[in-house]
There are 2 protein chains.
Amino acid sequence: MATSRETFSARLERAIDEKNSCLVVGLDPVPESLPDDVRSLVRSQAGGAAWTAQVALAFGIFLEGVIDVIVDVAVAVKPNTAFFERLGAVGWDVLTRTARYAQRQGLVVITDAKRGDIGHTATAYADALLGNVPDTLGAVSDAVTLHPFTGSDGIQPFVDQARDRGKGLFILVRTSNPSAKDIQDLDCGGRPLYERVADLVRRWGESSIGSDGLSAVGAVVGATAPEEGARIRDLLPSAVFLVPGVGAQGGRPADLAPLFLDGGRGVIVNASRSILFPTRVESEDWKSAVRRSALATRDAIEAVRLPSAG
Amino acid sequence: MATSRETFSARLERAIDEKNSCLVVGLDPVPESLPDDVRSLVRSQAGGAAWTAQVALAFGIFLEGVIDVIVDVAVAVKPNTAFFERLGAVGWDVLTRTARYAQRQGLVVITDAKRGDIGHTATAYADALLGNVPDTLGAVSDAVTLHPFTGSDGIQPFVDQARDRGKGLFILVRTSNPSAKDIQDLDCGGRPLYERVADLVRRWGESSIGSDGLSAVGAVVGATAPEEGARIRDLLPSAVFLVPGVGAQGGRPADLAPLFLDGGRGVIVNASRSILFPTRVESEDWKSAVRRSALATRDAIEAVRLPSAG
């Protein structure tokens, strides 16, 4: 167990060292992709009154199974709230229970909520997602993803909560999707917007840099934009990067090299669908396939993170 | 009841005409501000195991009471998800039940979720917040607020869902908080970023402009930045504006004038805390105070919206 004084980055780096892995498994369940034996729990028609409860039950069983087989391969799980909100209150319940289960297995829980609001609403979100009220997601969440668009007063309540409670933030700087360029690459006085956002992230993180040189305020930097990622690393030498986009979205582990700090520190890499729903070989059961996919992804990333260790 | 063919903007404008009001009441409940007789339902210590359930019960009773006394004064309610997520799954449940209650009273429900994600995750959010699965928020939500930061592919699933189901979107263009300037006012090739976002909102909304000239894709434009709002109106002649920031945040009704389209159309104005938690006069009960505050806000806005009608 982490002590209350350990910073988020220190806890993360300790897990990376212990597991020889910086893999994050994204928990993005969709009913139609569940393995047959789990999906068979859903007997109602989609949209029927009992459907949400049955799918929530199936999600819970599936995700606990996933966690069991990746617990020594990944350092963190990253449930995305969208896939749970789809089921309403029962979805929020299974999200919270899944996060609690993962945390009890020693995994870091990153709530991929991409929230972004202002003033006292931002404070409410910080309580909801990083706070300590029993039965809420905050009590079992170690970090949260955030939009930067509303500026400093939308971020500060999260910075305060994170610093006080040894938790972490990941601010969207450059996302992994094709249309990220619509806004994030706009030219702002000779520099793309994402660099200006990176400047803000550095400022927001200055007050929470620990003795390891890493801040509680990290950045989301997509693996699909390696050149942009390298420039962001120059601007953010103290930020942990959460890197999505490897696997189904087409980002390659080899592209990650410029993102790591010395010693392969400061980066965690997320894969979701390629691990949750891998192509199975012959009569392989789904848990074996999930584990095999997680191991292969972990190994491919480790070969880039610490090439001399190979 | 609206027919399935009626667009979101047509439904909204019909309500505005019928009620002589473009007021939206923001449903942002906080435990410590509840009226005494409602707050007395919360008997557990904050953070105790029963606390979330008791607060959710109190929120439900309080918000139904608010809805009862503003139903003929406001056209819409705008619950912000943050204040409900604070309570975990029971909060999500009371959020959904409150939205259902408001919709049954004939109010438009705008879910202030400020979501923003990519690809198939954006599709999941569009299902969650505008879809038709029973027991989910989408089934009782008429519109949703969104972040533009991830660009087109993060918005398109919502545009499709809104157009197909007669629902609406409000994209953050210029928010009402002091630090909105950190990013939204950055100079992008001689124009502030919020103007570039407005250009995108216009493009995203082109495919859903109805016979009334209004699109399903609207904009969030804070009342605290009237000059910026006027420029955004020039760029977005077909967008409904959702205008927060009146009341507790300091925006004045007089500043709204340049935002309205001809005939006082195309704008809805939100107030939250100043209506939910008004200063009470003498022995006034809380419902009377809420209604009085809503009426005063409605009248102040109407004097600007349709000055000749006064």
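**Reasoning about a helix and a chain**

Q: What makes residues of H12(B) count as buried, and which ones are they?
A: In this predicted model, the buried residues of H12(B) are B:Trp286, B:Ala289, B:Val290, B:Ser293, B:Ala294, B:Thr297, B:Arg298, B:Ile301, B:Glu302, B:Val304 and B:Arg305. They are called buried because buried means under 20% relative accessible area.

Q: What do the buried residues of H12(B) pack against?
A: Their partners in chain B are helices H1 (8–19), H2 (36–39), H3 (51–70) and H11 (273–276), along with strands S1 (23–27) and S10 (267–271).

Q: How do you know that the length of helix H12 of chain B agrees with its number of residues?
A: Helix H12 of chain B has 20 residues (286–305), and at 1.5 Å a residue they should span 28 Å. The end C-alpha atoms are 28 Å apart, so the two values agree.

Q: Why is chain A called as compact as a globular protein of its length?
A: Its radius of gyration is 19 Å, and the globule rule gives 19 Å for 310 residues; the values are close, so chain A is as compact as a globular protein of that length.

Q: How many of the residues of chain A count as buried?
A: Of its 310 residues, 62% do.

Q: What share of the contacts in chain A with a separation of 6 or more comes from residues 24 or more positions apart?
A: Such residues account for 74% of those contacts.

Methods
Residues numbered from 1 in each chain as written. Chains lettered and ligands numbered in written order. Predicted model: local features only at pLDDT ≥ 70, side-chain atom pairs only at ≥ 80, totals over all residues. Heavy atoms only, no water. Rg over C-alpha atoms; globule rule 2.2 N^0.38 Å. Buried < 20%, exposed > 50% of the residue type's maximum accessible area, 1.4 Å probe, protein only. Contact = heavy atoms within 4.5 Å. Helix = DSSP H or I, 4+ residues; strand = E, 2+ residues; numbered from the N terminus. Expected span 1.5 Å × (residues − 1).
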